[in-house]
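The sequence and structure are shown first.

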Amino acid sequence: MRKGHYLGASLIALVAAGPAFAQDKAAAPASASAVVEEIIVTATKREQTLQDVPISVAVTSPKTIERAQIRDLIDLQSVVPSLKVSQFNAVGQTNFIIRGFGNGNGNDGIESSVGVFIDGVYRSRSAAALDDLPEVERIEVLRGPQSTLFGKNVSAGAISIVTKRPEFDFGGKAEVSLGNYNLRQVKGTVTGPLSDTVAARLSASVNKRDGFARNVTTGNDVNDRDRWSIRGDLLWQPNDKASVRIIGDYNKISEVCCAVASIYNGPATQFIGAPAPYGMGKPVGDPAKVFDRDVIFNTDPTNSLEGKGLSGQVDYDLGVAKLTSITAYRQQENASYQDVDFTGADLANKLDGNRIKTFTQELRLASNGDGPLNWLVGAFYQNEKLDTGRTIDYGKDMRAYAEGLSGQVPAALLQALPAYLRPALTGKSNIYALEFLQSLATPSVKPGSTYFQTGQGIDDDYSMKQRSYSLFAQADYRITEKLTITGGLAYMNDRKRVASNVVLRDPFSALNLQAVPQFTALGLPGNLYGALGGLQFYYGNTSNHAPVNFPNANESGELKGDKVTYAIRAAYDFGAVNAYVSYSTGWKAGAYNLSSDSRPPNANGVGRTAAPEDVSVYEAGVKANFPGGYLNVAIFDQSIKGFQSNAYTGIGYSLVNAGEESVRGFEVDSAYRPTGWLALTASATYLDPKYDSFTGAACVNYDTVRCPINPLTGLRPNFRDLTGDKPAAIPKWSLSTSATVTHDLGKGYEGFARVEYDYVSKTQLSETTPPNLSTYGQNIVNASLGVSNTKHQIELTLWGRNLTNDDNLIATFPTVAQDGSYSGYPNAPRTYGVTLRKSF
């Protein structure tokens with residue numbers, strides 16, 4: 001149905017409608033009012049027009065996805081400024097952030113604050129949503145907490161991907177893309193009837209590309225693309241009241257990823273690169289050449305990810321209401337292997353992976369009818385089993401590295417030793433001297449071959465069983481023709497049961513350097529080598545210098561929580577302008593730290609778990625139209641109490657609750673079509689974040705005031721106070737603009753040109769990295785140029801992304817086991833290519 005669009009749609013929605021809009025304008029005077037197709041969304045789990053939904057939603061259409069070359073959710077952020085998606089040191093370690101809030105990357109015990117749903121099925125882990133996009137009907141990005149209707153892991157927002165259903169008319173689409181870096185992508189979908197009541201759709205894609213970076217050590221590409229997927233979709237409509245939809249999918253990723261560049265080489269890294277006798281003489285990265293994208297690993301980082309799932313949706317019209325049931329089972333396996341010291345020295349290598357099995361069931365009942373009251377009630381259940389682990393092994397160069405950092409035995413110590421011992425220790429390292437002195441009392445300690453040996457390290461293995469459910473209800477009541485009040489309520493309950501099996505195979509980390517027993521027997525101070533604590537990469541800051549596996553006598557290994565959340569909204573239709581105000585709350589369940597930084601609870605309340613997040617947001621917005629254009633504005637004040645900070649420390653993750661983090665800001669979506677052949681869009685997000693209270697932030701090397709090194713132990717305090725500071729990785733400004741020109745070329749051909757500019761203001765990317773090394777912004781230009789023929793249903797598009805080759809870092813972090821050094825992930829360089837698309 002086509003009608004006057006009396007209310008402002010999001011800028012993305014207008015871009016989606018651009019081609020149809022252009023045709024209407026071409027046939028009408030330039031001053032005629034703009035008309036576009038009505039956009040249907042399911043942001044509130046019932047079909048509504050975009051303008052009737054009193055929340056901030058961005059909608060991306062198939063046409064925008066095609067012409068903007070959006071291939072996956074990482075690309076989607078270029079047209080939705082409030083959404084940030086980052087991929088880190090492995091394919092499966094991807095983070096989604098909305099309005100500056102989001103976490104869950106890398107630590108399997110913490111779930112994302114942004115939920116991803118594909119055809120109503122919740123993808124519980126970010127890696128489960130990384131496949132290339134299927135044949136999409138639309139993508140909705142819901143900004144702000146959505147816990148009232150979507151559950152416990154949408155405290156920052158939700159991404160809902162709605163795919164095209166099977167059709168009873170035969171048809172399909174095929175496309176081939178070729179590009180630089182030897183890009184080769186083939187996608188296809190075909191749909192049609194199997195009988196009068198059954199239709200099917202089969203879709204598949206293959207995506208291959210050489211790497212953006214090169215491993216100098218091996219000569220091989222890094223950050224390549226090698227993935228494929230297949231998806232079957234069956235629709236049964238026995239009558240006009242019932243429908244059953246069954247979807248099965250499988251995807252496989254096998255890639256060499258991800259490139260890591262040295263952005264600062266501290267003393268430890270300099271020692272690795274310095275020639276003998278001053279260092280190890282091994283290749284290290286050059287911080288002056290970060291964006292040459294030449295990386296140095298002693299082995300190529302490999303990734304393997306396999307996902308598969310089956311879902312069924314049943315809809316039945318009961319007359320007064322519509323009953324919907326969505327049942328799904330998903331299984332995912334993810335494994336990666338990488339050189340974690342990111343140098344040419346063979347110091348340490350990590351093998352990690354997980355296996356996840358998830359069952360979900362949703363039931364909901366939504367009212368039918370056009371009366372003043374509309375309501376929806378429902379329930380959601382999730383049962384998930386997670387097995388995750390990692391193995392870190394020291395390499396053949398680790399001993400030389402540790403000896404070099406420990407330094408030679410000082411003359412003062414030699415003089416303090418009995419004369420007969422001095423020749424054996426003269427010119428030796430402190431690590432060797434420690435072993436030698438221990439061996440005098442304990443012969444099993446062998447000087448030169450006890451500590452930092454090849455194959456030593458740690459095994460971190462965990463299993464987690466999770467059960468959660470929610471009950472929810474929402475009602476809209478139209479008080480007058482202009483005023484509608486909405487109220488929503490949800491009860492959420494979550495339980496996690498975790499068991500650990502951590503084995504420390506690093507005897508040096510197991511030492512209590514403050515009281516070495518053999519030293520006492522020799523009449524030496526027990527803490528003679530206490531200052532070497534900085535080389536204890538695991539459990540050096542614990543009293544027992546060893547993992548404490550759980551459940552145990554003091555820890556049940558079970559984490560329970562429940563919460564009632566609610567939302568209240570009022571919307572008023574002024575005619576050309578709709579306005580709304582709302583207050584909503586959200587909740588995210590507690591989390592376990594499934595890394596070697598996991599500790600039993602201690603005196604200050606910081607342990608291996610994080611308490612739940614409680615979210616609240618005040619929001620007001622207007623959605624307006626004017627001749628030829630649209631304007632949406634939303635202002636908000638959002639707060640998270642107990643934000644689950646998940647900071648990477650270089651070895652593990654520091655999972656702690658911030659007392660409170662808040663962000664105030666606004667979002668603007670606008671579009672204007674001055675003529676029938678030109679469409680302009682602009683959207684912006686402004687964020688002003690603050691840690692209102694955060695006394696347990698991870699200590700870092702560069703903050704010497706709040707994190708001084710103890711000269712007796714070589715260790716820093718565990719925590720620092722960031723209260724009043726601005727959280728990292730939240731840019732003040734994010735902008736996206738585009739201009740699309742269409743032109744009738746005659747004989748059924750139409751040409752188009754699209755230019756897009758994306759801007760992100762400079763911001764510190766990580767609190768664990770110095771601001772002068774980790775402050776970056778973005779200035780990205782994307783464009784496409786194409787020609788299409790409606791009669792023959794064919795389109796040829798030339799496209800380019802990051803055309804100006806803007807260089808920036810995606811994220812930064814402390815380099816593993818190299819205190820004072822820092823690394824980062826470079827962004828993708830300029831890419832370009834051609835796509836041929838044929839529909840039938």
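## Charge

The protein chain carries 79 positive and 82 negative side chains, with the centres of the two sets 1 Å apart. Lys and Arg count as positive and Asp and Glu as negative, while His and the chain ends are not counted; each charge is placed at NZ of Lys, CZ of Arg, CG of Asp or CD of Glu.

## Basis of the values

The model is predicted: local features need pLDDT of at least 70 and side-chain atom pairs count only at pLDDT 80 or more, whereas totals for chains, interfaces and linings use all residues. Residues are numbered from 1 along each chain as its sequence is written, and side-chain values use heavy atoms, without hydrogens and water.

## Overall dimensions

Along its principal axes, the C-alpha trace spans about 100 × 55 × 50 Å.

## Nonpolar cores

A nonpolar core is a set of buried Ala, Val, Leu, Ile, Met, Phe, Trp, Tyr and Cys residues joined through side-chain atoms within 4.5 Å; buried means under 20% relative accessible area (1.4 Å probe, protein chains only). The largest such core has 65 residues, and F452, F508 and Y538 have the most contacts (heavy atoms within 4.5 Å) inside it.

Beyond its neighbours within four places in sequence, F452 is in contact with residues including Y394, M398, F508 and F537. A second, separate core of 37 residues includes A58, I139, I161 and A658.

Definitions and conventions:
Buried means under 20% relative accessible area, exposed over 50%, partly exposed in between (1.4 Å probe, protein chains only).
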